[in-house]
Amino acid sequence: GKAIPAGTVEYYGATQTVGPGTYNDITFTGTGGYSVNSDVVVNSELSITKGELTVQDGVSVTVTDVITVNTPGTFILENNASLVQINDVANVGSITYKRTTKPIRKFDYTYWSSPVDGFALGGISPNTLGDKFYSFDALVDDWKQESSSTFMDKGIGYIIRGPQDYDPMTTSVFPASFTGIPHNGTFSITGIVADKLYLLGNPYPSALSADAFLNANNLVLEGTIYLWTHNTAITNNTYTSNDYAIYNLSGGLG
C-alpha cells in the first residue's frame with residue numbers, strides 16, 4: 001500500500017494504506033478504498049466525503065476533534081478495531097462498527113451495548129425472536145423484557161438471545177454491525193442505588209480500560225466487574241453463574 005500524508009487525499013488506483021503515524025488532519029475525497037492497518041493519530045479532524053475507509057482488526061484510530069462522514073463516503077471499523085476521540089464534540093454522519101461474538105448456540109445470550117446513537121436492539125440480531133431482548137431492572141433485581149424496536153441507551157447493557165436459525169448444540173460465531181453517529185464524551189448514569197446490581201455497557205466504539213473505569217467510579221462501584229462468557233450450554237432453562245469471568249484491580253478470574 002501507499003502511505004498517505006496529512007491533508008486532502010485522492011484515490012489513484014489500488015487500495016491505499018493509511019499510516020502508521022500522526023497527522024494534523026485527513027480528508028478522504030477519492031472514490032476508492034482506504035485501509036488503516038496500523039495505529040493512527042489525527043490531531044484535528046477526520047473527514048470522509050467519498051470512498052470507503054476501513055480500520056482493520058486490532059487497529060486504533062485516535063481523533064482529537066470532529067469526525068465527519070458524508071454520503072457517499074463510508075467509515076467501517078472491523079471487529080476489535082478502536083475509534084478514540086479526545087474532545088467532546090458533535091460528530092457528523094454514520095460509521096459502521098462491527099463486532100463478532102465468541103461461538104454461541106441458539107439459546108445463548110450475549111451482552112451488548114451500543115457505540116452509536118439511535119440504534120435499535122433488533123438491528124443487532126434481526127433473526128432473534130421478538131421476546132428475547134432484555135435489559136436489567138436494578139430496582140426489582142430482575143430482567144426486563146424489551147421490544148426489538150427499543151433504542152439502546154448510552155452506557156446501558158442489554159442481553160439478546162442467539163438467532164432462531166442457529167443450532168441449539170453446535171456453536172457458531174455471530175457477526176453484528178452497529179451503524180450510526182459514534183458516541184464520544186462523558187456519560188453519567190443517574191438513579192444509581194446502593195447495593196444493587198446493574199448491567200452496564202461500554203458506550204464507545206473502542207476498547208475500554210477496566211482499571212480506569214473502576215478507579216474513576218470507585219465511590220459508586222464496589223470494584224468488581226462480571227463478564228458473561230456463556231461457556232456452558234443451557235440445561236433445563238438454567239444458566240450457571242460459573243460462566244461469569246470476574247475482574248477487579250487485583251486481577252482476573254476466568
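User: With which residue does Asp-117 form a salt bridge?

Analyst: This is a predicted model, in which local features need pLDDT of at least 70 and side-chain atom pairs count only at pLDDT 80 or more, while totals for chains, interfaces and linings use all residues. Residues are numbered from 1 along each chain as its sequence is written, and side-chain values use heavy atoms, with hydrogens and water left out. A salt bridge is a side-chain nitrogen of Lys or Arg within 4 Å of a carboxyl oxygen of Asp or Glu. With closest N and O atoms 3.5 Å apart, the partner of Asp-117 is Lys-154.

User: How many residues apart in sequence are the parts that Asp-117 and Lys-154 tie together?

Analyst: Helices (H or I, at least four residues) and strands (E, at least two) are DSSP runs, numbered from the N terminus. Asp-117 lies in the loop between strand S14 (109–112) and strand S15 (133–137), whereas Lys-154 lies in the loop between strand S16 (142–145) and strand S17 (158–161). The pair therefore ties together parts whose separation in sequence is 37 residues.

User: Is Lys-154 buried, partly exposed or exposed?

Analyst: Buried means under 20% relative accessible area, exposed over 50%, and partly exposed in between (1.4 Å probe, protein chains only). Asp-117 has a relative accessible area of 43% and is partly exposed. Lys-154 has a value of 36%, so this residue is partly exposed.

User: How many salt bridges does a search of the whole structure find?

Analyst: One of them joins Arg-105 and Asp-108, with the closest N and O atoms 3.4 Å apart, and both of these residues are buried. Another joins Asp-131 and Lys-132, where the corresponding separation is 4.0 Å. For the whole structure, the number found is 4.

User: Is Lys-132 buried or exposed?

Analyst: Its salt-bridge partner is Asp-131, which is partly exposed at 34% relative accessible area. Lys-132 has a relative accessibility of 18%, so this residue counts as buried.

User: Which backbone oxygen lies 2.8 Å from a polar atom of the side chain of Asn-202?

Analyst: Asn-202 sits in the loop between strand S18 (175–180) and helix H1 (210–216), and at 23% relative accessibility it counts as partly exposed. A polar atom of its side chain lies 3.0 Å from the backbone nitrogen of Tyr-204. The backbone oxygen at 2.8 Å belongs to Ser-206.

User: Leaving aside neighbours within four places in sequence, with which residues is Asn-202 in contact?

Analyst: Contact means heavy atoms within 4.5 Å. With neighbours within four places in sequence set aside, the residues in contact with Asn-202 are Ser-113, Ser-114, Ala-207 and Leu-208.

User: What is the omega of the cis peptide bond that joins Thr-71 and Pro-72?

Analyst: Pro-72 is placed in the loop between strand S10 (67–69) and strand S11 (74–77). The cis bond joins this proline to Thr-71, and its omega is about 15°.

User: What is the phi of Asp-195, which is not a glycine?

Analyst: Asp-195 is located in the loop between S18 and H1. With a relative accessible area of 71%, Asp-195 is exposed. Its phi is positive, at about 65°.

User: Where is Asp-141 found?

Analyst: Asp-141 is not a glycine, yet it has a positive phi of about 55°. Its relative accessible area is 48%, so Asp-141 is partly exposed. Asp-141 is found in the loop between S15 and S16.

Methods. A polar contact is a pair of N or O atoms within 3.5 Å; within protein, one must be able to donate a hydrogen and the other to accept it, and residues adjacent in sequence count only if both atoms are side-chain atoms.
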